[in-house]
Every structure is written in C-alpha cells, then in structure tokens.
Amino acid sequence: MVGTSQEFLEVALTYLVAAILIVPLFKRLGLGTVLGYLVAGMAIGPAGLGLIADVHATLSFSEFGVVLLMFLIGLELNPSKLWQLRKPIFGLGSAQVFVSVALLGGIGIFAGVPIIAALAMAAALSFSSTPIALQALQERGQSGSMAGQSAFSMLLFQDIAVIPMLAIVPLFAVTTAGDSGFTLMEFGQVIAVFVGIIVGGRYLLRPIFRYIAATKMREVFTAFSLLLVIGTGLLTQYAGLSMALGTFMAGVLLAESEYRHELELNIEPFKGLLLGLFFMAVGMSVDLVLILEKPLIIIALTLGFMALKAVVLYGVGAFAGHCRSDRILLAILLAQGGEFAFVLIALVLSVGLVAPNLAALMVVVATCSMFLTPFILWAHDKILMPVLSKGSERATDIEANEGHVIVAGFGRFGQIIGRLLLSLKVPVTVVDHDPNHIEFLRKFDYKVFYGDASRLDLLEAAGAGRAKLLVLAIDDAEKLLQTAELVNKHFPDLPVLARAKNRGDVAKLFNAGVVGVRREMFASSLEIGELALKELGYSAHQAHKTVMKFRGYDENMLKASAAFRDDEKSLIDYAKRSRILLEQLMDQDREELSKPHKDW
Amino acid sequence: MANPVLILYAHPSPNRSKVNRYLFQAATALDFIRGHDLYDLYPHMHVDVAAEQQALRQHGAVVLQFPLYWYSAPSLMKEWIDTVLTSGFSHGGGEQALAGKKFMVAVTTGGGFNAYADGAVHGALLSTYLAPFEQTARFCGMHIELPFIVQGAGDIAASAVNEITEQYKSRLAGLGE
C-alpha cells in the first residue's frame, strides 16, 4: 500500500515539476499556457523522457477537467441567456458539423475508405477541442466577444451532437455485440435523468446548500460542490449521455442561485489543474514513432485537415455576419480535432468499423492539430493581425491631417475624448494597437489607425510634427510613459495630455514634459464622493464645493511631491505631513459648516 | 388657482439659512407653486436653459427668491438670468415669452431696515439694490409686483419665522390669482 501511494506521489511530482518548469516560460514567451502544458507533457511522456508510462489512464482521468470546465461555463449562463443563444447553437453548430462531415467524409470515401467508416471518422474529426478553444478565448479576454460567443455555441452543439453519434456507431457494429444502441428503455432513462437534473436543480439543491453553508465548514462545501459535479456527470453518463453536457446543464440551473460565486471559487482550482493535466496527457499521447515513420503523410494530413475545417469555419463565420478578423480567429480557434475524436475513434475501432492503422493515423492527426493550434494562434496575433490591419489603412494615409489632435489609445478612456472632439469637428487621428478595437470602431466610421504609439516612425506618420496636440490615453502605463518621453525628446513643441493610472505615474509624466495629467479614476471617484456627501446631508452645491476643495488640495500635494520622487524617505515624510495638513484644512471647513445658523 | 407661480430659489448654503429656506419649504408645499432650487438642480453652475425656459412658459407669475449678498443675488441667480433670458425668448423680438406675466422679488437681508438708507452703513435704500432685477423683468414686458422683504433675517427669533412664512404664503396666493 505504501508503495502505491509513494508511486502516486512520484507521478504527481513529475507532473507538477514539468508544469512549473515549462508553463510559465511559455506564458512569458507569449505562446500561451496550453502549448506550455502540451510541451511539458511531451517532455515527460513516452516520446520524451519516458517518466510516465500509462498515458491513457491520465488522459481519461483528466478528461474530467473538461467536465468541470463545462460546469463552470454553465454557471455563467442562466437559462434565459442560453435561450438567447439557441440560434447560433443550432444554426452555426449544425452547419459546422454537417458541412465538415460531408467534406471530410467525401474525401475519405474518395480515398477508398468504406462509406460508414469514412463518415464515422469524419464525424469524430469534425469536433473541436473545447478546452483548447475556451482557454485561448479566456486568455485573450474574448469569452464574451461576438467571436467568442459563436465559438462557444458551436462547441456546445458539438457536445450535444456527440450523443447521437456515440449511440449510432454501435448500430453498425461488424463484430457481434450484445448492445445494439438505443432501446426504448434507454430513451426513458435519458428523459428520467434530464427531468431529475432539472427538478433536483430547481427544488432540492437550495435547501441542501443552505444546510451545508450553515455548518460554515469550507471543506464540506467544497466536497459537496465536487460531489454535485461528479454525481451529475456520472448520472448522465449512466444514461448514455456525455458527462460534460450533464454538468453543463447542472451549471445552467445553478446560474441564478445565490451560491454561484461560492461554487465557482470552489471548482475553479480543480478545473485548472485537471485541464492542465489533460493538456499534458494530450502532449504525452503524441505518437512520435508513427510521426517519424511517415512524417510527410502526417504533416500533409494534419495541415489539409485543419485547412478544410478552417475553410468551413470561415464560411460559417461569414454566414453569422462576423467581420473578417473575427472569422479568421474563429477558423483558427476551432480547426483542430478535439477530445471527442479520441473517444469516437476508440469506439469506431472497438466495433470493428475501421482498420487499426487508419484509426491510429487519425488519432495522430487529431493530436497534432491540437498541438499546432497554439502555434497558429501565436502567429495569428503576432504576424497575421498586424499585417492585415496595416493592409487596409497604411500609415502613410494618415498624413492628410494637419493641425489635428492625435489620440493614442482608443479604449473606453480615449473614446470619450475622441467623441467630444469629433462632435466639435476637430480633426482627430486615432492610433490604437488592438486590431479588435480597430475593426469594431471602423463599423462606427471612426478613422482609426493600427500601430504602437510608442514607436517613433508611427508618431511621425501620424503627423506628430504638425499636430496641435497629442492625447495619451493608452491603457498600458509603462508604454504611455515611454511614449511621453519619446515625444518630449523628438517633438518638444507638441503639447501632450496624458491619462495616469496612479499618483506615482503623475509625477513621472510631469517630469516627462506632459502639460496636463489626470488620474483615470480620480474624477469619477470624486463624483461618487460628491454624491456621498449629498446623501449625508450636504446641499448639492456645498458638496460640490467641498469636493472641489479637496481636489485642489490633493492635486497641489501631488505636484509638490513630484520633487521628492527619487527620495523615498522624504516622500513618505512629506506624504504623512500633507495628510495631516489636509485633515486640518478640511476640518476648518467642516467647523465652518457646522457652526450654528449664520446665514439669512 | 388659475395662475401657477414659479419660484426660482437661489441659496448657496441652505443648511445655514435662518429664514429663506423655510420660506421656500412652505411655498413649495402649496399646490399652485413650482419651486426650482437652483443650487440643488445645478450644483456645478451649469443651468439647463431649455428646461428653465419651458418652465417659464408654463407659469403666469415668476418669483426670484434669494438672500441678499453684497447688494446682489448669489452668483447662480445671476447665471440663471444671464443664460435663460435670451434674445428671441424673453426679449429682442420673437417669442416674448414673459410678456404680461407677474414678477416679484422675495429677498432676505442680513442687515436691518435702518442699515439701508442714505448715509447708513449700506449706503442706500434696499430698493436701489433690487432695481436691476426689477428692470430686467420690466425689460421683458412683465408686471412688477411689490417685493417681499425680510430684513435682519440673520437675527430673527425662530418663533417669528412662522408668522413671516404665513405672510409670504398670502403674497404668493395674491400672485396666483
């Protein structure tokens, strides 16, 4: 017993060390965590150091990470939001699956694979990898974007579509099998499980949650959260459905409960670890021997397969009305084969529909495509997007403006400034380096140029030498300061206004020659402060004047403290002294206000 | 009442007011009165001109109510006059929206009655200082009513405020007829 538990710990140690060594490195390099996990898995797997032998066990165990992922996604979607998504789920989802199956199957049949086998393999490969796609969306903060919604809808449809496929395949079994697919009994089971989940989710869970939450024992709540997910998963699997779909439904039902956030917090770390393990398992299962045997065929098949799926996805994206950059993103996000490919191909193989060597080949192709996705995404971000965005509006086009205002950074902050100036017909040249921003803003007829404002050539192209004013509204504080310094050096006559993140930035920006700085949160915080004073019984005007006075003191202090910026001790001393001074000054005002009636 | 009355009330520190705010409170409790507390509506000194002009159109009598500061109204009252009474709306051809309406100043002063006289500390009769407001109204074609005045309002006993309020209400009722 001691031996096995030690063995288990050793295996865990191997995984953890590999992950910790490689994943942060890949994240740093901008290649994304998924690729990091895949490479880590490859390194410790049979193809690499050979530290882990039983890849299959790891893979099937860690697939539970996908189930947790679907549960968490369900928690984000309440039933009404899900209902709103019904069109993309069934429209886009079915279009993607059916067209992909038709094309891939057609090629298979053309290559001489028997019809049923070709269609079954095509179906297996038409699915994408939910964890890879969703992780990539999350990392780039696009889960809620239009492209993200479409991607998610298609993935959800795949989760639904896999059920009948898993049910149909055994019907074509060549080898004798006792199980002949869906019987009426099983159909009844499915209905019963669904009704159970819905009724249980609605009426049973709340009292149980309340009971457990009342014990105030955190680990019991965590245990129950896991029990809920595992239980629902097993129940749906027992009924012949995918675990992921069952837990997704459970998540949706709990999306409106008051325990939602608590559940998210509890499940999230398990999901993260298991998904990491899943990616590592995929990395480990790359069959290097087979790849080395027929490298050309596998490379050609993988690229061809992904290209075909990408074309279908691009078309579906166009049908859904996405802009070009979103279509490209969708095509890359979902072009790979997914974890369902492993499951379906294994099933197809087990019923003897397909030759083992073909099945092995397809598994390798699916794995390779999963492996390639992070690379392609990286290339998309770093190479393709900049080129595409530049292609439509060249930097030289900007030169038309003269005596204009350059607004660098056109997120929520820059947009307000831009809207004000444009409403007054002030010529504005906008520079932003986020291609998604640009594409979105072009729809509203903003003239936006792609580029990094901290680059001298871009500033020159934007007419910094002839502009009246530069407004720096970039989100990245470091880049903003760099730009201010660059402008101060090369365009000393160009006045610069800048947004600052915090007090520290203000001093640095003033030292970089910026003429006006505003802290991004300051004004709105003061406005809430003003409303607070009003609620506390100040008259509206008095609240305004008091806040303006506070603002004046605060800004003066900030300016004065710029002198101490290199001397931390004096800075802290000064900050302390000025806080006392501020309190005294405000005290005087308050006393003045609270004196008995003096006015008429 | 046939004639709704609009009171434009400007007091920058109402919480410390001994008389003026109670006059406004009592007045706005009457159903034929609409009161605009300018410092509450426009604490940042930015007056909604269109809304104010619309309100003026809907009322037959207009009262400017304020404490007298430095021989004039608090600054937002002046801002209101400067921005709302525009050429084409109240004068200078066009709408003449105020023509024929009643106009009254309601003012509280810190100094007493005797302080406002030739040679006294405040140098002239109070009517001298109210003249610019009344002339403004006259220029817009309004009928000027006698002003409502409370003097020495900084030192008035709380018990006296009630009676003053009643007097103010009856003056307003007269405007509303």
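Visitor: What share of the 177 residues of chain B count as buried?

Guide: The figure is 37%. A residue is called buried if 20 or more other C-beta atoms, placed from the backbone, lie within 10 Å of its own, exposed if 12 or fewer do, and partly exposed in between. This is a predicted model, in which local features need pLDDT of at least 70, side-chain atom pairs count only at pLDDT 80 or more, and totals for chains, interfaces and linings use all residues. Residues are numbered from 1 along each chain as its sequence is written, while chains are lettered from A and ligands numbered from 1 in the order in which they are written.

Visitor: What makes up the pattern of chain B along the sequence?

Guide: The order is β-α-β-α-α-β-α-β-α-β-β-α, with six helices and six strands. Helices (H or I, at least four residues) and strands (E, at least two) are DSSP runs, numbered from the N terminus.

Visitor: What makes α7(A) mostly covered?

Guide: In α7(A), 10 of the 12 residues are buried. Among them are A117(A), L119(A), M121(A) and L125(A).

Visitor: Which strands does β5(A) pair with?

Guide: Strands pair if DSSP finds at least two bridges between them. Strand β4 (residues 469–472) of chain A and β5(A) have three bridges, in the parallel sense; β5(A) and strand β6 (residues 516–519) of chain A have four and also run parallel. Both pairs therefore meet the cut-off of at least two bridges. L497(A) in β5(A) stands opposite V471(A), and its bridge partner in β6(A) is G516(A).

Visitor: How is the chain's crossover from β5(A) to β6(A) described, and what does the term require?

Guide: The chain passes through helix α23 (residues 503–511) of chain A, and this β-α-β crossover is right-handed. The term requires that, with the strands pointing away from the viewer, the path from the first strand over the helix to the second runs clockwise. β4(A), helix α22 (residues 477–490) of chain A and β5(A) also make a right-handed β-α-β unit.

Visitor: Where does pLDDT stay under 50 in chain A?

Guide: pLDDT is the predictor's confidence in each residue, from 0 to 100. It stays under 50 over residues 175–181 of chain A and over residues 391–400 of chain A. Where pLDDT is low, the predicted coordinates should not be read in detail.

Definitions and conventions: Two residues are in contact if their C-beta atoms, placed from the backbone, lie within 7 Å.
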